[in-house]
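Hello,

Here is the structure I promised to pass on to you. Please open it first, and then read my notes below.

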Amino acid sequence: MQLALSTWPEVEDYLRGSDGMIVPIGSVEQHGPNGLIGTDHLDAEFVARGVGDAIGAAVAPTLAYGMSQHHLAFKGSATLRPSTLMLVVRDVVESFALHGFRKFFFINGHGGNVATVTAAFDELYAARSLRAADAPVQCRMTFWSAGERCRKLGEQLYPGANGAHATAAEVSLAQYYQQEHIKHAQMTPKVAAPSSPFFEAADYRRRFPDGRIGSDPSLSTPEHGKLLYEAAVQDMIEAYQAFLAY
Ligand code: NI
């Protein structure tokens with residue numbers, strides 16, 4: 001059940017049977033020479049909607065913008081400051097908690113969100129522990145690609161070439177979702193430099209000149225994307241249900 005396509009009486013009905021909600025979260029940032037700027041939020045949204053359609057779970061509108069300061073030296077990237085993203089996550093969860101949602105399952109597409117969103121969850125819990133807020137909430141965040149099926153498939157499809165950013169798998173999934181917008185580009189070297197620590201945007205650009213980290217997304221295809229989609233939806237159904245039962 002997509003929240004954006006539902007009425008308030010439908011949400012009221014839903015809450016009689018479940019207090020769970022799935023929140024897709026991603027980023028607006030460069031994804032190398034052939035990856036779409038929206039890759040992270042498109043992928044998270046695609047998988048989240050697949051889970052929602054399969055089991056009738058409420059899926060919130062996508063939090064498209066994320067913490068992407070390190071990508072800002074590439075055109076088309078935008079970031080929320082960590083402090084802004086924490087407030088966005090807090091206000092969204094608090095709003096839905098007011099109506100009876102208690103279990104918030106974030107399906108994430110972007111590594112740069114992890115520290116900030118985890119801190120935002122701690123702020124939510126702290127408000128309750130300090131008795132500044134009442135309604136108990138439980139929040140969890142996982143990558144759409146973190147389940148066993150999906151991880152194994154990524155290793156099979158792209159041995160040594162999936163990488164850490166602009167990954168072959170995430171580009172494939174976005175290609176399957178947005179088949180009208182598949183891009184092709186030459187990439188040299190074929191597999192980008194492996195992951196190393198980085199700091200701000202200019203430093204990132206110096207270390208990873210075409211935006212990729214460790215990946216060869218010229219291997220990406222929408223057919224791979226379909227396999228990854230099916231694996232990720234199954235993985236996330238199990239993860240969501242386990243979270244609800246926890
Ligand atoms: Ni990404």
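Which side chain does His 224 join through a polar contact of 2.7 Å? The partner is the side chain of Tyr 158; a polar contact here is a pair of N or O atoms within 3.5 Å, where within protein one must be able to donate a hydrogen and the other to accept it, and residues adjacent in sequence count only if both atoms are side-chain atoms.

Before the rest, some background: this is a predicted model, where local features need pLDDT of at least 70 and side-chain atom pairs count only at pLDDT 80 or more, while totals for chains, interfaces and linings use all residues. Residues are numbered from 1 along each chain as its sequence is written, and side-chain values use heavy atoms, with hydrogens and water left out.

His 224 sits in helix H8, residues 222-245 (helices are DSSP runs of H or I, at least four residues, numbered from the N terminus). Leaving out residues up to four places away in sequence, His 224 touches Leu 157, Tyr 158, Ser 172 and Leu 219 (heavy atoms within 4.5 Å).

Now to the nickel ion. His 31 (NE2), Asp 40 (OD) and Glu 170 (OE) coordinate the nickel ion at 1.9 to 2.2 Å, with donors being N, O and S atoms within 2.8 Å of the metal (3.2 Å for Na, K and Ca). Along the chain, the spacing of these donors is H-x8-D-x129-E. His 31 is buried, at 0% relative accessible area, and Asp 40 is buried too, at 2% (buried means under 20%, with a 1.4 Å probe and protein chains only).

Best wishes

Definitions and conventions
Buried means under 20% relative accessible area, exposed over 50%, partly exposed in between (1.4 Å probe, protein chains only). Helices (H or I, at least four residues) and strands (E, at least two) are DSSP runs, numbered from the N terminus.
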